[in-house]
Every structure is written in structure tokens, then in C-alpha cells.
Amino acid sequence: MQLEQFDHIILLAHGSSDPRWKVPFEQLLSRVTGVVSEDKVTLAYMELCKPSIEDVLQILPSETAQIAVYPLFFAQGRHLRVDVPEQLAQLNTEHRTLTLLDPIGDDPEVVAAMEQAILSKLTSE
């Protein structure tokens, strides 16, 4: 549904200097692109590793005008309230608009899955 509103979606993870940290995000992207075309979704990191949002924008075709940034964050901390909106405002152009979506942690399905995982650990015998 979101994909229909945008030409492209960038999944945004925080980033880490530890290369092993990227593995679950790359696996997630691989599973997503197994369903949704690679030309419709990419992965970027906010800091400490590549690709950045700027790197992704450089490889997207110029006709990719409406881009959503979907944070793979649990909550809206300073990065999502201040840093990322400022970054996107600088990257928006006359021909390209980047829209920040609510973080994945705000999705009721994600909250329910986390609750279930926690409860299964606390109530398993």
C-alpha cells in the first residue's frame, strides 16, 4: 500500500562500526526484495556504515521523485525527531521529495510480535 504512494522506499537503519551488525538488516532486505522489486526498495544507514541515504539517492534514477524513508527504529528519539528530518530537508529538491514515515516500532503488528516474543520467554517452561 505504501509503495503505491512512492516511487521508492529507503529502509533506514541506525548503523554501526561493527560489520556483523548489518547482517540482519541485509537479510531483511533480501527477503523483502524477494517479494518487492529491488528497484523499489533499498537499505541505508544513518551513520557509521554505508550506504547512506545520500549514497542511495546517487544511484536512483533521476525520475525517482517521491521517496519514502522508513526507519527501522523502535521509537522516535532525537534522530527521528531532529536529525533525520533536517537531513531530508537538505536532500529535498524541486524534482525529488523525501518523506519520513513513522518508525517500524510504531506499527501495531511489530508491537504485537515483540509482546508475543517477550511473553513467550517469560512464560515458557
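Me: Which residues does His8 touch, not counting residues up to four places away in sequence?

Reply: His8 touches Glu38, Asp39, Lys40, Val41, Thr42, Leu60, Thr64, Gln66, Ile67 and Ala68. Contact here means heavy atoms within 4.5 Å. Keep in mind that this is a predicted model: local features need pLDDT of at least 70, side-chain atom pairs count only at pLDDT 80 or more, and totals for chains, interfaces and linings use all residues. Residues are numbered from 1 along each chain as its sequence is written, and side-chain values use heavy atoms, with hydrogens and water left out.

Me: OK, and what is the mean pLDDT of the protein?

Reply: The mean is 91, and 96% of the residues reach 70 or more. pLDDT is the predictor's confidence in each residue, from 0 to 100.

Me: Which elements have the lowest and highest mean pLDDT?

Reply: Helix H1 (residues 2–5) has the lowest, at 75, and strand S3 (residues 66–71) has the highest, at 96. Helices (H or I, at least four residues) and strands (E, at least two) are DSSP runs, numbered from the N terminus.

Me: Back to His8. Is it buried or exposed?

Reply: Buried, with a relative accessible area of 1%. The cut-offs are under 20% relative accessible area for buried and over 50% for exposed, with partly exposed in between (1.4 Å probe, protein chains only). His8 lies in strand S1, which covers residues 8–13.

Me: Which backbone oxygens lie 3.0 Å and 3.5 Å from a polar atom of its side chain?

Reply: For Asp39, the backbone oxygen lies 3.0 Å from a polar atom of the His8 side chain. For Lys40, the backbone oxygen lies 3.5 Å from a polar atom of that side chain.

Me: Switching topic: what order do the strands of the sheet have?

Reply: The order is S2-S1-S3-S4, in an open sheet of four strands with parallel pairing. Strands S2 (41–45) and S4 (97–100) are the edges, each pairing on one side only. From one strand to the next, the twist averages 30°. Two strands pair if DSSP finds at least two bridges between them.

Me: How many bridges join S3 to S4?

Reply: Four, and the two strands run parallel. Ile67 stands opposite Leu98 in S4.

Me: And which helices pack on the sheet?

Reply: Helix H2 (residues 23–33) does, touching S1 and S2, and its direction makes about 170° with that of S2. Helix H4 (residues 78–91) packs on the sheet too, touching S1, S3 and S4, and its direction makes about 170° with that of S4. For these angles, axes are lines fitted to C-alpha atoms, for helices over the stretch in contact, and angles run from 0 to 180 degrees between N-to-C directions.

Me: Where is Val84, and what is it in contact with?

Reply: Val84 is in helix H4. Leaving aside neighbours within four places in sequence, Val84 is in contact with Leu12, Met46, His79 and Leu100. Val84 also counts as buried, at 0% relative accessibility.

Me: How much of the protein is buried?

Reply: Buried residues make up 34% of the 125 residues.

Me: Last one: what box do the C-alpha atoms fill?

Reply: Roughly 55 × 30 × 30 Å, taken along the principal axes.

Notes:
A polar contact is a pair of N or O atoms within 3.5 Å; within protein, one must be able to donate a hydrogen and the other to accept it, and residues adjacent in sequence count only if both atoms are side-chain atoms.
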